[in-house]
Amino acid sequence: MSAFGEAFNNIAIHGYGCAATGQVEIDIEPSPDRLTLIVRDTGKSFDPEAVPMPNLEGLPESGMGLYIIRSFMDVVEYRPGSEGRPNVLTLVKLLDASPEARELQTSQASAPRNPKRQ
Amino acid sequence: MHFSLKDRGSYTVLRIEGELDANTAPDLRPTLDKLVLGGGRTVTVDLSGLRLIDSSGVGALVSLYKRMRARGGSVRVEGICDQPLAIFRLLRLDAVFCAGLN
């Protein structure tokens, strides 16, 4: 909930520059072992790797959104859009709490698909 | 989001209920500005009725904290729980603000 709220705010504020309206498409895909949220927008894209970590000791008043998203979600993937294609943010929360299962599932969840695998 | 301000003599209680987020945090700003202008007082922020906070809400409270401290005052938070407490712990604000954790 926190992660989605921060992502939505970032799209509204940074992606669409606080415009009065903007399109955001949200797909929610529940499955037995995970919840996947896919958020698409046609606003300005960004480079998540270029966003600095907040300096928590300095008591920041802003810039915490992406840190919150990454902390609460197990997989966070962002694909900036290009002509005609929206930006796509994928958030995955694994539902199995054990650390071993979480580590295994996180590496599987973000591994590129191999079309040759049976 | 609903909020109320009560003067208890040596300190002021600001109670915030509901959801403090990007939509509602701006409604709180004038009250926070007034508290800061009031000078070096102690403000207790009662969050026992707060269900949800986002980074904008956090920003408003951190801003209050820093501005009050700059004027010789102090801010503490009481009654924080559930999702707001999880956010405070993540951002290590529980150590900064909290007198009474549930």
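Biologist: Which residues make the nonpolar surface patch of about 430 Å²?

Modeller: In this predicted model, the patch is made by A:Phe8, A:Ile26, A:Ile28, A:Leu35 and A:Leu95.

Biologist: And where does A:Leu95 lie?

Modeller: A:Leu95 lies in a loop of chain A, the one between strand E4 (87-94) and helix H3 (99-110).

Biologist: Switching to the interface, how many residues of chain B are in contact with chain A?

Modeller: On the chain B side there are 19 residues in contact with 15 residues of chain A, and the two chains bury about 1400 Å² between them, with 67% of that area on carbon and sulfur atoms. Within chain B, the residues that lose the most area to chain A are B:Ser55, B:Leu90 and B:Leu91, which together account for 36% of what that side buries.

Biologist: How many salt bridges does the rule find across that interface?

Modeller: The rule finds one salt bridge between chain B and chain A; the side chains of A:Glu61 and B:Lys66 meet in a salt bridge, at 3.3 Å from N to O.

Biologist: What about helix H2 of chain A, which of its residues are buried?

Modeller: In that helix, residues 65-72, the buried ones are A:Gly65, A:Leu66, A:Tyr67, A:Ile68 and A:Ile69. Their cover comes from both chains, and it includes helix H1 (2-15), strand E3 (75-79) and E4 of chain A, together with helix H2 (55-70) and helix H3 (82-90) of chain B.

Biologist: Back to charges: how many salt bridges are there over all chains?

Modeller: A search of the whole structure finds 11, and one of the salt bridges is formed by the side chains of A:Arg40 and A:Glu25, at 3.6 Å from N to O. Because A:Arg40 lies in strand E2 (residues 34-41) and A:Glu25 in strand E1 (residues 24-31) of chain A, this pair ties together parts that are 15 residues apart in sequence.

Biologist: Last topic, how many disulfides does the structure hold?

Modeller: The structure holds zero disulfides over all chains. As for individual cysteines, A:Cys18 is exposed, with a relative accessible area of 55%, whereas B:Cys81 counts as buried at 14% relative accessibility.

Methods. Residues numbered from 1 in each chain as written. Chains lettered and ligands numbered in written order. Predicted model: local features only at pLDDT ≥ 70, side-chain atom pairs only at ≥ 80, totals over all residues. Heavy atoms only, no water. Disulfide = S-S within 2.5 Å. Buried < 20%, exposed > 50% of the residue type's maximum accessible area, 1.4 Å probe, protein only. Patch = residues over 30% accessible without salt bridge, like charges linked within 9 Å, V, L, I, M, F, W, Y side chains within 5 Å. Areas by Shrake-Rupley, 256 points an atom, 1.4 Å probe, with all protein chains shown as cover. Salt bridge = Lys/Arg side-chain N within 4 Å of Asp/Glu carboxyl O. Helix = DSSP H or I, 4+ residues; strand = E, 2+ residues; numbered from the N terminus. Contact = heavy atoms within 4.5 Å. Buried area = accessible area lost by both parts, 1.4 Å probe.
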